[in-house]
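Please look at the sequence and the structure shown below, and then read on for a short account of how two chains meet.

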Amino acid sequence: MINPIINIQELSHAYADGTKSIHHINLQINPGESIAIIGPNGAGKTSLFLCIAGLVSFRASTFNISGINALEGNNKALLPSKAALLFQDSDDQLFCPTVEEDIAFGPINQGLSKAEVKQRVEIALEEVGLIEKRNKVPHQLSGGEKRRVALAGLLAMNPDILLLDEPSQFLDHRSRRSLINILNENSHTKLIATHDFEMALETCTRAILLDQGKILADGPVKTILADESLLKNHGMEVPYSLKPHI
Amino acid sequence: MLLVCTWPDFGWWLPRIFWIIAGLLVFILPTPFLTPGETVFEWGILKASKEGLDTSLLIFSRGLAISTLALALIGSSTIYDLVRGANGLGLPSKICSIFWLGFRHLDLLSHEFKRMRVALRARGYKINSSLGSYKTIARLSANMLVRALDRSEHVGLAIKARGFHGVFNSLDTPKTTWREFGFFFAMLIIPSSLLALDFWLGN
């Protein structure tokens, strides 16, 4: 039997003003799975990611991420190295003066030697195809390149899980395609929060429908995304490629 | 020194020097006429004194020296290098981090401001001195502040997500080059020579 890389029971999260964003979620994910997290705006997708990355306070009866029990001692601080989060807006994530420095930021904070950091940066740059942009200023890059630099910053941390929050948002067709190819070539466990169902179909095998902080459906991505009444009830539509064509 | 530091990009410092001199003129021009002393020339009812001219020359040369030194420093380094240099000279890491993130944040805010300005223009807004116009500017400023707060929260989370624990480290360690050594010795030799010359001429 495979040990799940994410095992969460009874997870709840509320904002500072008391508004609940996640209600008693149970989630089990196996290593190497690629899962689409779908749901309308405000469903709790980003909050779920922030919890898994250990960046906000939460309540849970079980919270094991990649072998770490986050409920014990100060273990929550170890979560960012295990589950790396790609933010919706790349400008939030890129703050160093060069692409290379930005990608190195995470590994340096992990306490790696400079030689190891440089090696990781090299591999990450190669993986996202941005070797020639290494000395550029990140905030002067195009939207697609920024997204790839942000992704390289996560890959360089060598996490077990990638949490991708709306990765295809604001991308043009070419950048989106390039991102899909990178994701498909990558063997990490991936959770992808997205409204881009066509991308979900190409990159994920399983889908989880989240609404009002609760998991309402969990199953094969094609089954969930083809369920017209389920999607309609939660303000979404079946993607074009799954609609019956005459 | 400014020439050496900014070579061959003169276009960068020439307009800046122009504005610095223009700024200094505000102090230089009235000083000879406002300082009492031996009259050198008269212009209508205004009398320029020798002491005033000396003071003007002193203000001009000192002002220009300080400004060109600052320009040489800024023109030859990126903000990030300056922050790292300051950190290396003992400025606390927290202050350096605040300075760098603040600078990055200003860049983002200026982009947001430009976007909002375009959005206002697209809806027919024209700035004027009416109460409605001031209200719009106030709303825009408030909106910018809220967005800034929102963004700073996101940036804070993004930094935490990448294991940040208070100290900005860098990938490359700065190494002293022959240019720094040259600059150091030039700075040592030139003022000492000037002092020696002054002493010799004085005697």
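The contact, meaning heavy atoms within 4.5 Å, takes 26 residues from chain B and 27 residues from chain A. This is a predicted model, in which local features need pLDDT of at least 70 and side-chain atom pairs count only at pLDDT 80 or more, while totals for chains, interfaces and linings use all residues. Residues are numbered from 1 along each chain as its sequence is written, chains are lettered from A in the order in which they are written, and side-chain values use heavy atoms, with hydrogens and water left out.

The interface can be summarised in a table.

| Property of the interface of chain B and chain A | Value |
|---|---|
| Buried area | about 2500 Å², 60% of it on carbon and sulfur atoms |
| Salt bridges | 3 salt bridges |
| Polar contacts | 6 residue pairs, both at pLDDT 80 or more |

Buried area is the accessible area (1.4 Å probe) that two parts lose on being put together, summed over both. A polar contact is a pair of N or O atoms within 3.5 Å; within protein, one must be able to donate a hydrogen and the other to accept it, and residues adjacent in sequence count only if both atoms are side-chain atoms. A salt bridge is a side-chain nitrogen of Lys or Arg within 4 Å of a carboxyl oxygen of Asp or Glu, and B:R162 forms one with A:D102, where the closest N and O atoms are 3.0 Å apart.

On the side of chain B that touches chain A, the elements giving two or more residues are α5 (79-88), α6 (93-122) and α7 (131-161) of chain B, where helices are DSSP runs of H or I with at least four residues, numbered from the N terminus. Of these, α7(B) gives the most, with 8 residues.
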